[in-house]
Amino acid sequence: MPLVDPPSETRPPGAATVQACESVRVASPVMRLLDVAFGHPHGPLGRLGAALMVRGNVEQETWAVEHAGLHARLRVLVVGHGPGVGLVQAAAAVTPGDQVIGVDPSPLMREPAAVRCAEQIVAGVIELREGTAEDTGCPDASGDAVVSVNNVMLWDRPAGFAELARVLRPDDRLVITVHRHVLDVPADQLVANATAAGFIDLQTSLRPRKRNSPAG
Ligand SMILES: C[S@@+](CC[C@H](N)C(=O)[O-])C[C@H]1O[C@@H](n2cnc3c(N)ncnc32)[C@H](O)[C@@H]1O
């Protein structure tokens, strides 16, 4: 399916776009270990997970930032940023003077993200907060784009999509990418959740596994 959005003038006012990307599903017992390392990171396994995410998910973070069209964005929300690779990429993509807000519920993830983004935090380009997709702490219509890499499977999805619809301004964009092996529902379910929250022009794509990704 196409990755490129239709022109914004074809979208009705008050609507945002979601793009989702998935790779390949594997057996569910693995997911319990993955959750300690990656989903709700804690302890030594969580620290190992952070190190693996830095190396393993770069390509996905790049894809998400590229598809968010951040060059024209004023305020970007990065949900579930983990160790912060995508935050750095988003900060590099925005126009000078724009802002990137990162929210993640895990102190174990916010800590390395703060170190990785120290320069951009001091410069006022990046701000990190405790938060989730379901509760970002952002005001209504305060965001111009939202990026989520490998965390939609952890959301209360109806609540998460509703929160992001509240935070985004009309005609703006939500980009989600997730490894297929950690997504416990069909991609159609994400589309249904997003639609119920008011998102339109939904596009999904299945991408091949990549060499620098744990999923590929
Ligand atoms: C697998 S990591 C992904 C991190 C990074 N985006 C990447 O792909 O390398 C999942 C992240 O989502 C965070 N998370 C957990 N529950 C969340 C929620 N409800 N909303 C947003 N993020 C959440 C975790 O703390 C963790 O940092």
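This is a predicted model: local features need pLDDT of at least 70, side-chain atom pairs count only at pLDDT 80 or more; totals for chains, interfaces and linings use all residues.

Biologist: OK, and how many bridges join S5 to S6, and which way do they run?

Modeller: There are 6 bridges between strand S5 (residues 143-149) and S6, and the two strands run parallel. Another pair there is Ala145 with Arg173 in S6.

Biologist: How does the chain cross from S5 to S6?

Modeller: Through helix H7 (residues 157-167), in a β-α-β crossover that is right-handed.

Biologist: Is S6 buried or exposed?

Modeller: Mostly buried. In strand S6 (residues 168-178), 8 of the 11 residues are buried, so the strand is largely enclosed by the rest of the structure. For S5 the count is 7 of the 7, so that strand is largely enclosed as well.

Biologist: Which other strand is joined to S5?

Modeller: Strand S2 (residues 75-79), which is parallel to S5 and joined to it by 4 bridges. In that pairing, Val79 stands opposite Ser148 in S5.

Biologist: Zooming out, how many helices and strands does the chain have?

Modeller: It has 8 helices and 7 strands. The chain has 216 residues, and 45% of them count as buried. Among contacts with a separation of 6 or more, 78% are between residues 24 or more positions apart.

Biologist: What about the core? Which residues have the most contacts inside it?

Modeller: The largest nonpolar core has 52 residues, and the ones with the most contacts inside it are Val76, Leu77, Leu87, Ala90, Val100, Val146 and Val147. Helix H4 (residues 85-93) gives the largest share of this core, with 6 residues.

Biologist: Take Val147, then. What does Val147 touch?

Modeller: Leaving out residues up to four places away in sequence, Val147 touches Ala64, Val65, Ala68, Val76, Val78, Gly86, Ala90 and Val175. Two of those, Ala64 and Val65, are also among the buried residues of helix H3 (residues 58-67).

Biologist: Which residues other than glycine have a positive phi?

Modeller: Ala141 is one, with phi near 45 degrees, and Asn150 is another, at about 60 degrees. Ala141 lies in the loop between strand S4 (126-130) and S5, while Asn150 is in the loop between S5 and H7.

Biologist: Buried or exposed, those two?

Modeller: Ala141 is exposed, because it has 12 other C-beta atoms within 10 Å. Asn150 is buried, with 26 other C-beta atoms within 10 Å.

Biologist: New topic: the ligand. Which residues come nearest?

Modeller: There are 24 residues around the ligand, and Met53, Gly80, Gly82, Ser106 and Asn151 come nearest.

Biologist: How does that shell divide into nonpolar, polar and charged?

Modeller: It has 10 nonpolar, 12 polar and 2 charged residues.

Biologist: Last one: where is Ala187, and which residue is 17 residues apart from it?

Modeller: Ala187 is in helix H8 (residues 187-196). Thr204 is 17 residues apart from Ala187 along the chain, and their C-alpha atoms are separated by 7.5 Å. Ala187 has 18 C-beta neighbours inside 10 Å, so it counts as partly exposed.

Conventions. Residues are numbered from 1 along each chain as its sequence is written. A residue is near a molecule or strand if its C-beta atom, placed from the backbone, lies within 6 Å of it. Ala, Val, Leu, Ile, Met, Phe, Trp, Tyr, Cys and Pro count as nonpolar, Asp, Glu, Lys and Arg as charged, and the others, Gly among them, as polar. A residue is buried if 20 or more other C-beta atoms lie within 10 Å of its own, exposed if 12 or fewer, and partly exposed in between; C-beta atoms are placed from the backbone. Two strands pair if DSSP finds at least two bridges between them. A crossover is right-handed if, with the strands pointing away from the viewer, the path from the first strand over the helix to the second runs clockwise. Two residues are in contact if their C-beta atoms, placed from the backbone, lie within 7 Å. A nonpolar core is a set of buried Ala, Val, Leu, Ile, Met, Phe, Trp, Tyr and Cys residues joined through C-beta atoms within 7 Å.
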